[in-house]
Amino acid sequence: MRRSPPPAVDDQQSGRAYRRDATTWRAFAALFAFGVLNAMLGAVLPYLREIEHVTYVTAALHQVAFAVGGMAAGLLATRTTARRRRTIVAGLTGAASAGLLLGYGGVFPLTIIAALLVSAFATTALIRLWALLADLHHVHRPVAMTEGEVAVSLAGIVTPAVVSACAATWVSWRFSFVIAFVLVIAAATAIATTRLPTPGRPPTNATPETAAAHSPRRTLVTIFAVVGLEFTLSFWAASYLHDDVGMPQTTAVAMISTLYAANLVGRLLVSRLTRKLTVTTTLHLSLATALAGMPLLLTATNAVTAGAGLAVTGIGIGGTFPLASSLHVAASSRTADQALGQTLTVAGIGQIVGPLAAGALAQTTGLRLALLVLPALTILAALGARSTPHDPTNSVREPSAPANPDGAPGTIGQGPDGTERVIEPE
């Protein structure tokens with residue numbers, strides 16, 4: 001099988017300009033495929049509850065299984081050095097196959113197992129895709145990772161609409177998993193024909209000041225909160241719009257596309273802002289925007305108000321995960337693969353705690369009050385991301401310092417001017 005030429009890593013790492021080569025575009029395509037699988041569970045949840053006759057809490061166990069699968073993949077990633085291309089292809093293929101079981105399993109035990117497998121395989125691929133972008137673009141990683149999330153958002157916009165369209169025809173909502181299977185396998189094939197760079201050595205950009213202001217523990221708290229925020233809203237939004245706002249089921253499911261469209265807008269804005277503002281400042285602005293939209297969403301009694309709340313909140317949430325992940329990769333002394341393994345492990349906890357807490361509260365208070373966990377998680381994320389005036393990570397804007405032109409072993413550190421630069425080992 002013919003493979004594409006290796007990526008021009010030295011150009012990508014030059015630090016003089018952000019460039020998207022063929023490898024970057026294929027990584028974005030694979031992230032789009034992940035986004036399809038990621039958005040499927042929330043979109044089909046009302047149909048699963050209907051055919052399986054389960055309560056809110058029981059339905060939330062699908063999200064728990066999804067999170068456990070992601071955590072397992074994250075833990076394995078922190079302890080393995082498996083080849084990236086092979087791992088990405090196997091992960092995407094396994095997730096696509098498990099998706100068919102989720103759609104056609106028909107009974108609660110099978111759909112729970114399917115949710116776990118979809119997440120485990122998809123997250124295995126996701127970790128390596130984020131690490132690939134981080135190693136390709138190094139000092140430009142906030143931009144590259146945010147643009148990768150744009151691909152995930154595009155998939156999130158399309159997926160609920162496809163599920164709703166299939167549900168309105170004789171093929172039923174289940175056929176959307178067949179469509180997803182074809183798309184994901186196509187992305188896996190594209191990666192299989194691409195030569196990927198070897199994972200770089202662990203960066204040593206965590207200076208004493210960085211450790212004090214953005215330690216790995218604090219960045220992981222932020223990751224827990226922003227992932228819990230994102231998944232709680234996406235998981236329960238369709239049910240909230242149907243049960244509390246009073247929208248028809250098919251309309252409520254289709255309305256989730258508004259959320260993902262807003263995520264896309266937020267990520268596009270963040271990809272531009274990180275070229276001018278610090279990563280931490282951009283993250284705080286995103287969280288403030290999300291918080292501003294929540295009163296509209298949580299007090300909505302009609303589709304217009306709910307749609308406006310979803311839009312503003314979604315714009316704010318959109319860029320939070322890639323920004324928080326970028327901070328953690330910069331603060332960590334591990335390789336990008338291992339640091340992102342930590343990220344996805346903690347993200348799995350957020351996926352469990354957020355949606356399950358909201359589901360448990362909904363049993364006694366209803367979803368409207370239960371979704372007050374959203375502003376609570378937003379505030380927690382902001383507290384975890386706060387920094388001191390002397391935080392070197394916070395002082396990094398769109399960098400101009402050159403990286404290792406040969407792709408030889410080197411580490412990213414702080415130069416005298418506060419920008420990132422490659423420091424050759426002595």
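Among contacts between residues at least 6 apart in sequence, 81% join residues at least 24 apart in this protein chain. The model is predicted, and the chain it describes holds 16 helices and 2 strands. Of its 426 residues, 59% are buried. The accessible surface comes to about 16,000 Å², with 65% of that area belonging to carbon and sulfur atoms.

The mean pLDDT is 79, and 82% of the residues reach 70 or more. Over residues 1-15 the pLDDT is below 50, although the model gives this stretch 43 contacts beyond near neighbours in sequence. Residues 202-212 also stay under 50, and for them the model has 32 contacts beyond four places in sequence. Where pLDDT is low, the predicted coordinates should not be read in detail. The contact counts for residues 1-15 and for residues 202-212 are to be taken with that in mind.

Two salt bridges are counted, and helix H9, residues 216-243, takes part in each of them through Asp243 and Glu230. In one, the side chains of Asp243 and Arg49 meet at 3.8 Å, N to O. Asp243 belongs to helix H9 and Arg49 to helix H2 (residues 22-52), so this pair ties together parts that are 194 residues apart in sequence. Asp243 is partly exposed, at 34% relative accessibility.

In the other salt bridge, the side chains of Glu230 and Arg267 come to 3.3 Å, N to O. This pair also links distant parts of the chain, with Glu230 in helix H9 and Arg267 in helix H10 (residues 249-273), 37 residues apart. Here both partners are buried: Glu230 has a relative accessible area of 14%, and Arg267 is at 1%. Because the cut-off for burial is under 20% relative accessible area, Glu230 at 14% counts as buried, while Asp243 at 34% counts as partly exposed.

Helix H9 also holds Thr219. This residue is buried, with a relative accessible area of 2%. The side chain of Thr219 makes a polar contact with the side chain of His328, at 2.8 Å.

Helix H4, which spans residues 84-104, contains Thr87. Thr87 is buried, with a relative accessible area of 11%. A polar atom of its side chain lies 2.6 Å from the backbone oxygen of Arg83. Setting aside residues up to four places away in sequence, Thr87 touches Ala82, Thr124 and Arg128.

Beyond its neighbours within four places in sequence, Gly91 is in contact with Phe121, Ala122 and Ala125. Gly91 and Phe34 are 57 residues apart in sequence, and their C-alpha atoms are 9.8 Å apart in space.

Val68 comes from helix H3, residues 56-77. Val68 is partly exposed, with a relative accessible area of 36%.

Two loop residues have a backbone feature to note. Most residues other than glycine have a negative phi. His53 has a positive phi of about 55° although it is not a glycine. His53 sits in the loop between H2 and H3, and is exposed, with a relative accessible area of 71%. Ser172, likewise a residue other than glycine, has a positive phi near 70°. Its place is the loop between helix H6 (141-167) and helix H7 (175-192). At 21% relative accessibility, Ser172 counts as partly exposed.

Notes:
Residues numbered from 1 in each chain as written. Predicted model: local features only at pLDDT ≥ 70, side-chain atom pairs only at ≥ 80, totals over all residues. Heavy atoms only, no water. Helix = DSSP H or I, 4+ residues; strand = E, 2+ residues; numbered from the N terminus. Buried < 20%, exposed > 50% of the residue type's maximum accessible area, 1.4 Å probe, protein only. Polar contact = N/O pair within 3.5 Å; in protein donor to acceptor, adjacent residues only side chain to side chain. Contact = heavy atoms within 4.5 Å. pLDDT = per-residue confidence, 0-100. Areas by Shrake-Rupley, 256 points an atom, 1.4 Å probe, with all protein chains shown as cover. Salt bridge = Lys/Arg side-chain N within 4 Å of Asp/Glu carboxyl O.
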